[in-house]
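Dear colleague,

Please find below the structure that I am handing over to you.

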Amino acid sequence: MATAAVEAPITGVVPGKATDERVVRRRLGPGPRVPGTLWIGPVLLLGLWFLASATGVLDPRTLSEPWVVVETAQRLIADGRLPEALATSAYRAALGLVIGVVVGLALALVSGLSRAGEALIDGPVQVKRAIPSLALMPLLILWLGIGEPMKVITIALGVLIPIYIHTHNGLRGIDSRYAELAETVGLGRGAFVRHVVLPGATPGFLLGLRFAVLNALLSLVVVEQVNATSGIGHMITLASSYGQTEIIVVGLVVYALLGLVADGIVRFTERKALAWRRTLESH
Amino acid sequence: MATHAGESLTVSAGPAVRVEGLRRSFSEAGGVLNGLDLTIGAGEFVALIGRSGSGKSTLLRALAGLDRSVAGSGVVDVPERVSVVFQDSRLLPWRRVLDNVTLGLTGSDARERGLEALSEVGLEGRDRAWPHELSGGEQQRAALARSLVRDPQLLLADEPFGALDALTRIKMHKLLEKLYAAHNPAILLVTHDVDEAIALADRVIVLVDGVVGSDIRIDLGSKRSPGDPRFASLRAQLLTELGVVEEEVA
Ligand SMILES: Nc1ncnc2c1ncn2[C@@H]1O[C@H](COP(=O)(O)OP(=O)(O)OP(=O)(O)O)[C@@H](O)[C@H]1O
Ligand SMILES: [Mg+2]
């Protein structure tokens, strides 16, 4: 870590000796980013599972052995059931996510930039926030039936709230001195939004997006298990009634992978989009 | 947004700044500016000093048109192109240095003009840097570049070097003198540093009780050294105006 940062030899260091022996003082921040560390925890857990199954501590009826799960996954992929279910579920989640993000962002902007918008929008959103999206499902089923629209809208509703709350928060937190600056350099309304409001609210928005992604996944699981004829949730529900833990585990792993991949994408975007920030995360 | 009764905000040639009977108050109890009159000629460098809380920033914000929510009245006449330099550099942290400099500029040559302004303040090659990657002095240079790229007729600066160390401040004085010679805008520089005022300005104005207490012309030529006896006597005079007793500083 410290040695990797050496660029020029430091006077007093023995020639030919590549390591830098400066005393690096302990820092209060978490230190520089080490690639791949995010995976240590999950891999350890996987190892434990493997060990427990191999030694017979874990009953296969409780939880199938990892290798059985892998075989099952291969079989499900080969016969096309898993790819099809995954595509259906991913599409649902993505559609709900996109709709929720767009609506949440638009509401946050209108409510954050005008007092009238705030008066109209903020109250209802706060009320909605107090009602879990999943509690609205019975009503949505009545209105929309049990088809795709109900599922996508339930997901979108769960996404909308964190996007709205965090974007609005970020927007209101923008230093008013920047608004003053914008006035002195003669920015118009549109340019002000583009140069000051949107970038200033981006950290809040991205934080909201991370919550939103998890919410989308949670809603996905629930809407698929309540009544679905396709998707990962349907596959799991079927397996549950036949006592096939290996298929259930495959489904769970797919959910986990979906979540990790989505969160990874958001984190990556965050690092790229927020390169201007000097935070504990980046240094 | 409070309107200022009887106030006209107009744009004209002639003197760069004309202020008549300017009043501003933040409370019923008393005004901060009490009928202030001030004229600044085109291309004139004026320093504004006064005790803390005397209303220097209030006056500057009135000239910049940033005080629409403050109660008051009077005539404020400023040119069309006014730039402001704040005590903090106020660079947008999420825009690279060049984009900060060209913020709000239109036209296809904006980028070129921005680069030129950056090299003028000695920041060539730093155009792609993030503001947090610049030192405090460099950030203030970038802020100067941002104000100059607009080719202002009036430059308003509120203690622009207040947060800098003494050495950097001297460098910034040199830079400001150079830029003033090259662009020749009228400048109103708010400072709490009497020496800075005497070293840079053509005129030093002391704000007392919300009006111009004294208005002193500095005729020391372009070579000004604090060792010059005339410099010392001006300093003594200004410190007296500010209510600092001579023995305290001697
Ligand atoms: N937004 C405000 N609300 C209420 N009072 C204010 C506001 N801005 C300034 N004042 C008051 O007006 C007076 C003049 O303030 P101003 O900032 O103009 O002083 P200043 O001369 O710039 O002082 P300094 O040298 O400390 O910067 C002060 O008494 C201050 O408390
Ligand atoms: Mg001030």
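How many helices and how many strands does chain A have? Chain A has 10 helices and zero strands, where helices (H or I, at least four residues) and strands (E, at least two) are DSSP runs numbered from the N terminus.

Residues are numbered from 1 along each chain as its sequence is written, chains are lettered from A and ligands numbered from 1 in the order in which they are written, and side-chain values use heavy atoms, with hydrogens and water left out.

Confidence

The predictor gives the complex an ipTM of 0.84 and a pTM of 0.78. For chain B the average pLDDT (the predictor's confidence in each residue, from 0 to 100) is 88, and 92% of its residues score at least 70. Where pLDDT is low, the predicted coordinates should not be read in detail.

Chain A

Along the sequence, chain A follows the pattern α-α-α-α-α-α-α-α-α-α. Of its 283 residues, 37% are buried; buried means under 20% relative accessible area, exposed over 50%, and partly exposed in between (1.4 Å probe, protein chains only). Among contacts (heavy atoms within 4.5 Å) in chain A between residues at least 6 apart in sequence, 69% join residues at least 24 apart.

T167(A) is found in helix 6 (residues 148-172) and has a relative accessible area of 2%. Leaving aside neighbours within four places in sequence, T167(A) is in contact with L105(A), A108(A), A201(A), G204(A) and F205(A). A polar atom of the T167(A) side chain lies 2.6 Å from the backbone oxygen of I163(A). A239(A), in helix 9 (residues 232-242), is buried at 1%. Not counting residues up to four places away in sequence, A239(A) touches Q244(A), I247(A) and I248(A).

A salt bridge is a side-chain nitrogen of Lys or Arg within 4 Å of a carboxyl oxygen of Asp or Glu. R92(A) lies in helix 3 (residues 81-113) and E148(A) in helix 6, so the pair ties together parts that are 56 residues apart in sequence. R92(A) is buried, at 1% relative accessibility, whereas E148(A) is partly exposed, at 34%.

The interface

The contact takes 18 residues from chain A and 20 residues from chain B. About 1900 Å² is buried between the two chains, of which carbon and sulfur atoms give 63%; buried area is the accessible area (1.4 Å probe) that two parts lose on being put together, summed over both.

Four salt bridges are found across this interface. The elements that give two or more residues to the chain A side are helix 7 (176-184) and helix 8 (189-226). Helix 7 gives the most, with six residues. By class, the chain A side has nine nonpolar, three polar and six charged residues.

Which side chains meet in a salt bridge at 2.7 Å, N to O? They are those of D88(B) and R177(A). D88(B) is partly exposed, with a relative accessible area of 24%, and R177(A) is also partly exposed, at 31%. Both belong to a network of salt bridges that links D175(A), R177(A), E180(A), R61(B), D88(B) and R90(B).

E183(A) forms a further salt bridge with R68(B), the closest N and O atoms being 2.6 Å apart. E183(A) lies in helix 7 of chain A and R68(B) in the loop between helix 1 (56-64) and strand 5 (71-77) of chain B, so the pair joins two chains. E183(A) is partly exposed at 41%, as is R68(B) at 39%.

Backbone points in chain B

Most residues other than glycine have a negative phi. In D151(B), phi is near 50°, a positive value; D151(B) lies in the loop between helix 4 (136-148) and strand 7 (154-158). Phi of D209(B) is likewise near 50°, and D209(B) is exposed, at 65% relative accessibility.

Yours sincerely

How values were computed: This is a predicted model: local features need pLDDT of at least 70, side-chain atom pairs count only at pLDDT 80 or more; totals for chains, interfaces and linings use all residues. A polar contact is a pair of N or O atoms within 3.5 Å; within protein, one must be able to donate a hydrogen and the other to accept it, and residues adjacent in sequence count only if both atoms are side-chain atoms. Ala, Val, Leu, Ile, Met, Phe, Trp, Tyr, Cys and Pro count as nonpolar, Asp, Glu, Lys and Arg as charged, and the others, Gly among them, as polar.
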